[in-house]
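Subject: Structure for your review

Dear colleague,

Please find the structure below, followed by a short account of what was found in it. I would be grateful if you could read the two side by side.

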Amino acid sequence: MITLHTWNTPNGRKISVALEEMGLAYKVKSVDISKDQQFEPAFLEISPNNRIPAIVDDEGPGGTPISVFESGAILLYLAEKTGQFMPTDPRGRVAVTEWLMWQMGGFGPMLGQVHHFLTVNEADRSYGLQRFLKETRRLYGVLDRRLAIVEFVAGDVSIADFACVGWAWRHQRHQIDLTEFPNVKRWYDAMMTRPGTKRGFEVALG
Ligand SMILES: N[C@@H](CCC(=O)N[C@@H](CS)C(=O)NCC(=O)O)C(=O)O
């Protein structure tokens, strides 16, 4: 059994989507980040950076438990464990890894800054909000151009899609109108009609 330590956020949803898509049995342990539960010692033992998500897999390598933190590392672990959503050919693996790293380095951290600056009072937020709104639009443009030539982010459906859809799910919050990015909209709509992805967004995380 896998325990998913998480909260109802884009990074948390990436993993519930992956677990549902892969058909893995798991239970959810909510970590209420609005109450600073991410700083509790028991959680820090499995997630030393005090961020959700993290997983504990009772049946890790060699049949013994393993914990994994960082959503990108979790997605890679689950893909390797199940042999799903990560191609076996080297070129396909490079594409998935590229787009997973692209999400982890930009299409998440930058969008999250928009979410943050929207909570800051107007007098203090102008520079930061404009900077990260611009960067967010640039990243959606990159994704839109990519999705003009491939059906899914790295070709076939992969963990790179699960990583990106977790953040695209919050497009309204970071003030993106998907009709301005038609290829992203086509991909997003396709992802959201997948039964596993739908379940991953519906499951209660806290
Ligand atoms: N790079 C990390 C980022 C995780 C992250 O930022 N999680 C947020 C919620 S989406 C969190 O736990 N925030 C709690 C805090 O800032 O203390 C990952 O992808 O797992």
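The largest pocket of this predicted model has a volume of about 790 Å³. Its lining consists of 28 residues, and those closest to the pocket centre are Thr9, Asn11, Arg51, Ile52 and Trp167. By residue class, the lining comprises 15 polar, eight nonpolar and five charged residues. At least two lining residues come from each of helix H1 (10-22), helix H4 (90-105) and helix H5 (109-118). The largest share belongs to H5, with five residues.

Ile52, one of the residues closest to the centre of the largest pocket, is joined to Pro53 by a cis peptide bond, with omega near 0°. Pro53 lies in the loop that runs between helix H2 (41-46) and strand S3 (54-57).

Asp36 is not a glycine, yet it has a positive phi of about 60°. This residue is located in the loop between strand S2 (26-30) and H2. Asp36 counts as partly exposed because its relative accessibility is 45%, which falls between the limits of 20% for buried and 50% for exposed.

Gln175, likewise not a glycine, has a positive phi of about 60°. The loop between helix H7 (159-168) and helix H8 (182-192) contains Gln175. With a relative accessibility of 45%, Gln175 is classed as partly exposed.

Yours sincerely

Conventions
Residues are numbered from 1 along each chain as its sequence is written. This is a predicted model: local features need pLDDT of at least 70, side-chain atom pairs count only at pLDDT 80 or more; totals for chains, interfaces and linings use all residues. Side-chain values use heavy atoms; hydrogens and water are left out. On a 1 Å grid over the protein atoms alone, a cavity is a set of points where a 1.4 Å probe fits but cannot get out, and a pocket is an open set with protein on both sides within 12 Å along at least five of seven lines; lining residues have an atom within 4 Å of a point. Grid points are joined across faces, edges and corners, and a volume is the space filled by probe spheres set on the points. Helices (H or I, at least four residues) and strands (E, at least two) are DSSP runs, numbered from the N terminus. Ala, Val, Leu, Ile, Met, Phe, Trp, Tyr, Cys and Pro count as nonpolar, Asp, Glu, Lys and Arg as charged, and the others, Gly among them, as polar. Buried means under 20% relative accessible area, exposed over 50%, partly exposed in between (1.4 Å probe, protein chains only).
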